[in-house]
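Let us examine this protein chain through a series of questions and answers.

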Amino acid sequence: MGLTSDPKSAVVPAQGLPYFTPANHHSGAAKDTSTATPTIFQPLTIRNVTLKNRIVVSPMCMYSAESDPSSPSQGAMTDYHLAHLGHFALKGAGLVFVEAMAVQANGRISPSDLGLWQGVDSPQFQGLKRTVDFAHAQGASVGVQLAHAGRKASMAAPWLAAANGTSSLRADADAHGWPDNVVAPTGGAEMVWQRPSTENGLDGFHAPRTLSTSEVKDVVSAFAASAATAVKAGVDVLEIHAAHGYLLHQFLSPVTNRRTDEYGGSYENRTRVLRETITAVRGVIPDNVPLFLRVSSTEWLDESPVAKQVGGSWDVPSTIQLAKELEDLGVDLIDVSSGGNHETQKIKFSKTYQTAIAAQVRKELRASGRKTLVGAVGFITESSQAKDLVQGAEEGDVVDVKAEAKAVEGLVSGPEPQADCVFVARQFLRDPAWVFTVAKELGVKITYPKQFERAF
C-alpha cells in the first residue's frame with residue numbers, strides 16, 4: 001500500500017504492535033486547524049505532548065481488575081481495559097486517561113481496582129504497556145492518574161453493593177479487602193467517610209488508622225515509583241489525584257487532617273505532603289512529560305457544623321492559593337473538580353456548578369501571571385444530566401446534543417476561556433464516539449479511523 005499526498009489520508013502500519021492496523025494518528029483531528037476551527041478541535045501542546053483536540057477522557061474506575069492477592073496479576077489491566085480504553089482512543093479522544101492506579105496495594109478503592117505498585121516487567125506494567133501501545137497506534141495520548149484512596153479504601157464494587165441493597169459495601173478480608181490497613185491522615189471511628197445507614201449494617205466504610213510520619217513519607221516515595229513505572233510503559237501524561245476525598249485530599253482539609261506533626265495544622269503543613277509528592281514525581285519523570293493535578297476545588301462544606309468545629313474546610317480560596325504555587329513545582333495543568341471529603345457536603349448543582357469554579361481559578365492564575373493550564377470537568381447542559389449525576393438517567397431522558405456541543409466549545413473559546421481543555425467521563429460511557437458527535441454538531445470536518453471511513 002502506497003502513501004497518498006495527504007499525510008492524514010496515508011495508510012501506513014501502526015508501529016509497536018504484533019499485528020497490522022493502520023496508524024490512525026489523526027482520528028478525531030480537525031482537517032483544518034485554522035482559526036476558523038472551533039477551539040475544542042484545535043491542538044493543545046503541553047511540554048512535548050501535542051493533543052490533537054482538547055477532549056480528554058476522564059479517569060473512570062471500572063472495578064474489573066484481578067482482586068486475588070495470591071495472583072501475580074493482582075491490580076493488573078486485562079483485556080477488558082484494553083477494549084474499554086482502546087475504543088475511546090480509536091474514536092478520536094485527544095487524551096485518554098486510565099482509571100486511578102493505586103500506588104500502594106492498600107490505596108485501591110476496591111480489591112478490583114487497578115494498581116501500579118509492582119514495578120517494571122510485572123503484570124501491572126505489562127497490562128498498562130499493552131493498552132498504551134494500542135492507544136498510541138490509534139493516535140491518542142495516554143494519561144495515568146496516580147492515586148491512593150486513604151480512608152475510602154477496601155470497598156466492594158458498586159454493583160455488589162447494589163445487589164445487597166445498599167450504596168456502599170465494605171470489602172472484608174474474605175472478599176480480598178484489607179479492613180485493618182485502611183489509612184488516613186487522622187484515624188479513628190470519627191474519621192469514617194460514611195457511617196452505616198441501614199439496619200443490616202452492610203453499608204458504610206471502614207474506620208481508618210492514622211499513618212505514621214514515616215509512612216507518609218513512604219506514600220510520597222510510592223507515588224514517585226509508580227510515576228517512573230508509568231513513563232517506562234510509554235504513558236504520555238501523569239496526573240496526581242488529590243481530589244474527591246482520597247488520601248491527598250484528606251491531608252489538604254482540616255476536616256480530615258487533625259495531625260500535630262509536620263503534615264498537619266497550618267495550610268503550609270497540610271499541603272506539605274502534596275508538594276512533596278509533586279516534587280518527587282517531577283524528579284523521576286522526564287522534563288518533556290506533562291504533569292497534571294486533580295483537586296476538589298471546594299468540599300461544599302461552607303458554614304457547615306463540621307467546618308465550624310475545626311475552623312474551616314478546603315474551599316475555593318484554598319484552591320486558588322495552591323494553584324498559584326503549582327507552576328513553580330512543575331505542574332502543567334490543574335484539573336478542577338469538587339467534593340467527596342465529607343458525607344454532610346451540600347453540593348450546589350447548576351449548569352456551571354464546577355466549570356464556573358474552573359473559570360475563576362483560571363482567571364486568578366492569569367491575573368497573577370501564571371501559565372498553568374486549567375481543565376474543566378462536570379459540565380451540565382440539561383436538567384436531565386444534572387439529575388444523572390445524583391441518581392442516574394431514566395428512560396425517556398433527552399439530552400440536547402447540539403447544545404451540549406456548543407457548551408463544551410464555549411468552555412474553551414472566547415476572549416476569556418473558562419478552561420483550556422475539558423475532561424469528560426459519563427458522557428463517554430453513554431456515547432463512546434462522543435468526539436465524532438461533537439464534531440458533527442459543530443460542523444467540524446475531522447479524520448476518521450481507516451476502518452470507519454466508509455461509514456462517514
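**Strands, helices and buried residues**

Student: Which residue of strand 5 stands opposite Phe97?
Tutor: The model under discussion is a predicted one. Strand 4 (residues 95-102) and strand 5 (residues 141-147) pair in the parallel sense over six bridges. Within strand 5, the residue opposite Phe97 is Gly143.

Student: How many strands form the closed barrel?
Tutor: The barrel has parallel pairing and runs in the order 3-4-5-8-9-10-11-12. Neighbouring strands of this sheet are turned against each other by 25° on average, direction ignored. The number of strands in the closed barrel is eight.

Student: At what angle to strand 4 does helix 1 run?
Tutor: Helix 1 comprises residues 79-90 and lies across strand 3 (55-57) and strand 4. Its angle to strand 4 is about 150°.

Student: Which residue of strand 11 stands opposite Leu333?
Tutor: Strand 10 pairs in the parallel sense with strand 9 (residues 291-296) over five bridges, and there Ile334 of strand 10 has Leu293 opposite. Strand 10 also pairs in the parallel sense with strand 11 (residues 373-377), over four bridges. In strand 11, the residue opposite Leu333 is Leu373.

Student: Which residues of strand 10 point the other way from Leu333, Asp335 and Ser337?
Tutor: Strand 10 is mostly covered, with five of its five residues buried. Leu333, Asp335 and Ser337 point one way, and the residues pointing the other way are Ile334 and Val336.

Student: Is Ser337 buried or exposed?
Tutor: Ser337 lies in strand 10 (residues 333-337). Residues up to four places away in sequence aside, Ser337 touches His244, Val295, Ser296, Ser297, Thr298, Gln354 and Val377. The cut-off for a buried residue is under 20% relative accessible area. Ser337 has a relative accessible area of 5%, and is therefore buried.

Student: How many residues of the contact of helix 9 with helix 10 are nonpolar?
Tutor: Helix 9 passes helix 10 in a right-handed crossing. Val316, Thr319, Ile320, Ala323 and Lys324 in helix 9 meet Ile357, Gln360, Val361, Glu364 and Leu365 in helix 10. By class, two residues of this contact are polar and two are charged, while the number of nonpolar residues is six.

Student: How many charged residues does the contact of helix 7 with helix 9 have?
Tutor: Helix 7 passes helix 9 in a right-handed crossing. Leu274, Arg275, Ile278, Thr279 and Arg282 of helix 7 make the contact with Leu322, Glu325, Leu326 and Leu329 of helix 9. Five of the residues are nonpolar and one is polar, and the number of charged residues is three.

Student: What is the relative accessible area of Thr277?
Tutor: Thr277 is found in helix 7 (residues 272-284). Not counting residues up to four places away in sequence, Thr277 touches Val220, Phe223, Ile240 and Leu248. Thr277 is buried, and its relative accessible area is 0%.

Student: Are helix 12 and helix 14 oblique or roughly perpendicular to each other?
Tutor: Helix 12 (residues 401-412) and helix 14 (residues 434-442) pack with their axes 9 Å apart, at an angle of about 90°. Angles of 65 to 115 degrees count as roughly perpendicular. Helix 12 and helix 14 are therefore roughly perpendicular.

Student: How far apart in space are Gly150 and His87?
Tutor: Gly150 is in the loop between strand 5 and helix 3 (158-163), and at 0% relative accessibility it counts as buried. Leaving aside neighbours within four places in sequence, Gly150 is in contact with Val182, Val183, Leu247 and Gln250. Gly150 and His87 are 63 residues apart in sequence, and their separation in space, C-alpha to C-alpha, is 31 Å.

Conventions. Residues numbered from 1 in each chain as written. Predicted model: local features only at pLDDT ≥ 70, side-chain atom pairs only at ≥ 80, totals over all residues. Heavy atoms only, no water. Left-handed = near helix turned anticlockwise from the far one by under 90°. Helix = DSSP H or I, 4+ residues; strand = E, 2+ residues; numbered from the N terminus. Contact = heavy atoms within 4.5 Å. Nonpolar A, V, L, I, M, F, W, Y, C, P; charged D, E, K, R; others polar. Pairing = 2+ DSSP bridges. Axes fitted to C-alpha atoms, helices over the stretch in contact; angles between N-to-C directions. Buried < 20%, exposed > 50% of the residue type's maximum accessible area, 1.4 Å probe, protein only. Parallel < 35°, antiparallel > 145°, perpendicular 65-115°, else oblique.
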